[in-house]
Amino acid sequence: MQKELDKPVGITPEIQAYIDGLVQNISQQYESRIAEMWEQFRLAQAKRYLPQTHQS
């Protein structure tokens with residue numbers, strides 16, 4: 001469970017919106033990168049178990 005933090009004094013709605021946008025952007029990039037890493041892992045695992053074909 002995340003603890004709700006008190007907002008510092010002097011944070012305007014515009015600054016808060018900017019900060020919220022940054023956090024959302026970072027979160028989306030993180031989630032996207034994690035999804036890419038899992039896909040690479042799944043492909044690597046699949047290659048271990050699929051029959052190898054040799055091309056001439």
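**Stop one: a polar pair**

Select Gln16 and Asp20: their side chains are joined by a polar contact of 2.8 Å. (A polar contact is a pair of N or O atoms within 3.5 Å; within protein, one must be able to donate a hydrogen and the other to accept it, and residues adjacent in sequence count only if both atoms are side-chain atoms.) Before you go on, know that this is a predicted model, where local features need pLDDT of at least 70, side-chain atom pairs count only at pLDDT 80 or more, and totals for chains, interfaces and linings use all residues. Residues are numbered from 1 along each chain as its sequence is written, and side-chain values use heavy atoms, with hydrogens and water left out.

Stay on Gln16, which sits in helix α1, residues 13-49. (Helices are DSSP runs of H or I, at least four residues, and strands are runs of E, at least two, numbered from the N terminus.) Is Gln16 buried or exposed? It counts as buried, at 18% relative accessibility. (Buried means under 20% relative accessible area, exposed over 50%, partly exposed in between, with a 1.4 Å probe and protein chains only.)

**Stop two: two rings**

Now pick Trp38 and Phe41, both in helix α1, three residues apart, about one turn of the helix. Searching the whole structure turns up one aromatic pair. The ring centres of Trp38 and Phe41 are 5.6 Å apart and the planes meet at 85°, so this pair is edge-to-face. (Rings of Phe, Tyr and Trp, its six-membered ring, pair with centres within 6.5 Å; planes under 30 degrees apart are stacked, over 60 edge-to-face, the rest tilted.) Trp38 is partly exposed at 48% relative accessibility, and Phe41 is partly exposed too, at 44%.

**Last stop: zoom out**

Show everything: the protein has one helix and zero strands. Of its 56 residues, 2% count as buried.
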